[in-house]
Amino acid sequence: MTLAVRYTAARTLDTAPVDNPPPGPGEVELAPAYVGICGTDLHIFHGDMDARVSAPAVLGHEMSGRVVRVGPDVEEWRPGDAVTVMPLSWDATCPACLDGHQHLCHHLDFIGIDSPGAMRQRWTVDASVLVRLPGSLPLDRAALVEPTAVAVHDVGRAAVREGERVVVVGGGPVGILIAVVARDAGADVCVVEPGAQRRRLVEELGFITLDPGADDVSGLIRRWTGGSGADIAFEVSGAAAGVGTAVNVLAVRGRLCLVAIHARPREVDLHRFFWRELTLVGARLYNRSDFERAVRLVARGVVPADRLITRVVPLAEAAAAFEALEAGGDVKVLLDCADGAEEAFV
């Protein structure tokens with residue numbers, strides 16, 4: 001048995017013992033060190049994903065930890081190895097998989113949503129989902145690899161190039177990471193965010209910010225770009241107004257990368273798409289190369305993990321951590337999954 005955070009009903013979490021089978025052929029047992037709480041976890045907590053999530057459900061997909069035991073036929077991994085998990089399992093037989101887009105599998109299992117996740121003291125997973133971490137990378141910072149991989153994939157889908165002007169609409173954790181990754185690719189970045197506290201953080205990280213509630217965003221972006229408009233806009237807000245802003249700031253032949261999940265249809269100014277020959281691309285999840293690049297970005301310190309991790313709480317206090325995150329003020333909250341015992345990785 002191992003302690004785990006379980007979603008049991010809307011706005012209800014508990015920390016309870018769950019079974020954790022020993023690793024079988026091709027499997028490894030992990031000791032999760034830190035697990036991040038993301039926006040999807042909050043949606044589950046609110047009860048918005050009950051049609052997909054079967055309670056009681058162990059949550060968590062942004063993790064770092066170490067290998068504890070390996071099952072038969074596992075040769076690449078050893079106890080003590082520092083790892084993260086790319087939390088995707090696909091069927092390898094559907095049209096998307098056969099076309100090489102396994103992360104868009106028609107029957108994708110997103111681990112931590114569709115199947116049990118990482119908010120636990122011990123976790124047995126298939127060795128194929130492991131991604132190696134540098135031994136020098138602190139495990140709390142390594143918990144940011146998964147959301148960084150999202151940003152890497154987004155920036156890749158938008159084909160950001162050096163010298164381009166990029167507008168990120170939404171300054172939450174993923175928006176900030178997109179800004180960081182785009183800047184690392186050589187772009188100039190402006191972040192549009194209504195929250196004063198988030199704007200301050202984004203400014204402290206060296207980005208231009210605009211307040212959509214007080215600023216003439218389109219006019220200021222035209223001025224910033226010499227009258228042309230932005231080359232790329234990322235819609236990360238999930239709001240109808242954010243979609244309008246992202247479309248309106250784009251230059252001729254600009255690219256709009258849709259990152260946020262919009263649960264309902266939105267009005268979009270298709271005439272502007274016609275008039276300016278704009279391009280819309282979707283961006284969902286990541287592949288292994290995105291994950292491996294994210295590891296390098298976090299390890300190099302490109303990702304300001306020390307500024308983004310605003311709270312670390314014990315596993316047993318998960319419910320309070322979820323409530324604190326939804327109240328605002330925090331950027332990234334981590335659960336500390338250590339059980340206090342000394343592990344002998346030999």
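Modeller: The accessible surface of the protein comes to about 15,400 Å², computed by the Shrake-Rupley method with a 1.4 Å probe, and carbon and sulfur atoms contribute 50% of it. This is a predicted model, in which local features need pLDDT of at least 70, side-chain atom pairs count only at pLDDT 80 or more, and totals for chains, interfaces and linings use all residues. Residues are numbered from 1 along each chain as its sequence is written, and side-chain values use heavy atoms, leaving out hydrogens and water.

Of the 346 residues, 52% are buried, that is, under 20% relative accessible area (1.4 Å probe, protein chains only). The secondary structure consists of twelve helices and 18 strands, taken as DSSP runs (H or I of at least four residues for helices, E of at least two for strands) and numbered from the N terminus. Along the principal axes, the C-alpha atoms fill a box of roughly 60 × 45 × 40 Å.

Within this whole, helix 6 spans residues 196-204, and its buried residues are R199, L201 and V202. These residues lie on the same side of helix 6, because they cover an arc of only 160° around the axis, judged by the directions from the helix axis to the C-beta atoms. Their cover includes helix 5 (173-184) and strand 12 (188-192), together with strand 13 (208-210) and helix 11 (305-308); contact here means heavy atoms within 4.5 Å. After helix 6 comes G206, with a positive phi near 95°.

Terms used:
Buried < 20%, exposed > 50% of the residue type's maximum accessible area, 1.4 Å probe, protein only.
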